[in-house]
Amino acid sequence: MTTNILFAAGDAQWHVYEQPLRTALNRAGVTATLSPDLPPAEVDYIVYAPGSAVQDFTPFTRARAVLNLWAGVEKITGNPTLHIPLARMVDHGLTQGMVEWVTGHVLRHHLGMDTHILHQDGVWRPEVPPLAHDRRVSVLGLGALGAACARMLASLGFATTGWSRRPKQIDGVRCLSGEDGLQQALACADILVLLLPLTPETDTLLDAPRLALLPQGAVIVNPGRGPLIDDAALLAALDSGHLGHATLDVFRVEPLPADHPFWAHPRVTVTPHIASETRPETAAQVIAENIRRGEAGEPLLHVVDRSAGY
């Protein structure tokens, strides 16, 4: 029997994802009709991206699951018409990209590379960084991406602390949870990496009082979600010298407006939401596997807990 799959992620993405999806579905042994235009009542699965024209899921009476193309699901979890399972994207290409970006920027700040890259001025600056085991790094968020980054940083020798809402265990990483754990994770973070999902509980998590818990001169690296941080409080902490630097890949408004103070601030590095991207080839494999599982009556991978928001 043919499985009908609606690609509801926009025309631009259709041209990028069509062939990888067809290849992955074929390899997974799924006989499918894949199209961006199918009668709603005949759709079995919806491949989705936030911003899709599909906002009302009521007509999709036969659909078994919505398969999100991106890791972030905050723009769909609250949709009152969505009553079928929602799976977020967790794929090895996206994870590897995030690990590489986070590791690169943590090492950049740990080694003080900006001093030498930006000051080729004839001044000899023989400042030797500490070894990794003397640099404390905290990772907020221990989902698939956060856990992978924490493992990598720990493997390089960094004194790595992880924090999550629920208790977790990761070899080589001191794992904390709860409000007391959050305060401890902030207080010991020479470098703080933010990889939390955006939920009502994490929106503006790093406000002025929590930023004040960070050690003098701490660095923030945020490839997670822009609204995790209070922008005004961050700028104030940077201006006062309490924080040493912020490397930001995500923002409340994207693209970041050209007149935003982050662009010109000497202690801010802006990267244009490139820390990690869903790769069509690897993402297609995850989607195809979930459809295979659904057709075989097996549990879907990476199903979102709607009550938690991720």
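In this structure, N222 touches L194, L228, I229, T247, L248, D249 and V250, where residues up to four places away in sequence are not counted and contact means heavy atoms within 4.5 Å. The model is a predicted one, in which local features need pLDDT of at least 70 and side-chain atom pairs count only at pLDDT 80 or more, while totals for chains, interfaces and linings use all residues. Residues are numbered from 1 along each chain as its sequence is written, and side-chain values use heavy atoms, with hydrogens and water left out.

- N222 is found in strand β10, residues 218–222; strands are DSSP runs of E with at least two residues, helices are DSSP runs of H or I with at least four, and both are numbered from the N terminus.
- N222 is buried, with a relative accessible area of 0%, where buried means under 20% relative accessible area, exposed means over 50%, and partly exposed lies in between, using a 1.4 Å probe and protein chains only.
- S164 has its place in strand β7, which covers residues 159–164, and S164 is buried as well, with a relative accessible area of 4%.
- Not counting residues up to four places away in sequence, S164 touches L142, L176, S177 and G178.
- A polar atom of the side chain of S164 lies 2.5 Å from the backbone oxygen of R166; a polar contact is a pair of N or O atoms within 3.5 Å, and within protein one must be able to donate a hydrogen and the other to accept it, while residues adjacent in sequence count only if both atoms are side-chain atoms.

**Helices α2 and α4**

- Two packed helices are described by the angle between their axes and the distance between the axes.
- Helix α2, residues 92–111, packs with helix α4, residues 144–155, at an angle of about 45°, and their axes are 9 Å apart; axes are lines fitted to C-alpha atoms, for helices over the stretch in contact, and angles run from 0 to 180 degrees between N-to-C directions.
- The helices α2 and α4 are therefore oblique to each other, since angles under 35 degrees count as roughly parallel, over 145 as roughly antiparallel, 65 to 115 as roughly perpendicular and the rest as oblique.
- On the α2 side the contact is made by L94, T95, M98, V99, V102, T103 and V106, and on the α4 side by A144, L145, A148, C149, M152 and L153.
- The residues of this contact of α2 with α4 divide into eleven nonpolar, two polar and no charged, where Ala, Val, Leu, Ile, Met, Phe, Trp, Tyr, Cys and Pro count as nonpolar, Asp, Glu, Lys and Arg as charged, and the others, Gly among them, as polar.

**Helices α1 and α9**

- The axes of helix α1, residues 11–27, and helix α9, residues 280–296, come within 8 Å and cross at roughly 45°.
- The helices α1 and α9 are therefore oblique to each other, and their crossing is right-handed.
- In α1, the residues V16, Y17, P20, L21, A24 and L25 meet P280, E281, A283, A284, Q285, I287, A288 and I291 in α9.
- Sorted by class, the contact of α1 with α9 has twelve nonpolar, one polar and one charged residues.

- E254 and P255 are joined by a cis peptide bond with an omega of about -5°, and P255 has its place in the loop between β11 (243–248) and α8 (261–264).
- H273, in the loop between β12 (268–270) and α9, is a residue other than glycine with a positive phi, near 50°, and H273 is partly exposed, with a relative accessible area of 34%.
- H302, in the segment after α9, is likewise a residue other than glycine with a positive phi, near 60°, and H302 is partly exposed, with a relative accessible area of 29%.

**Residues apart in sequence**

- R64 lies in the loop between β3 (45–48) and β4 (65–68) and is partly exposed, with a relative accessible area of 37%.
- The C-alpha atoms of R64 and D44 are separated by 5.6 Å, although these residues are 20 residues apart along the chain.
- Leaving aside neighbours within four places in sequence, R64 is in contact with D44, Y45, I84, P85 and E295.
- D239, found in helix α7 (residues 231–240), is exposed, with a relative accessible area of 56%.
- D239 and H265 are 26 residues apart in sequence and, from C-alpha to C-alpha, 9.0 Å apart in space.

Note on methods: Left-handed = near helix turned anticlockwise from the far one by under 90°.
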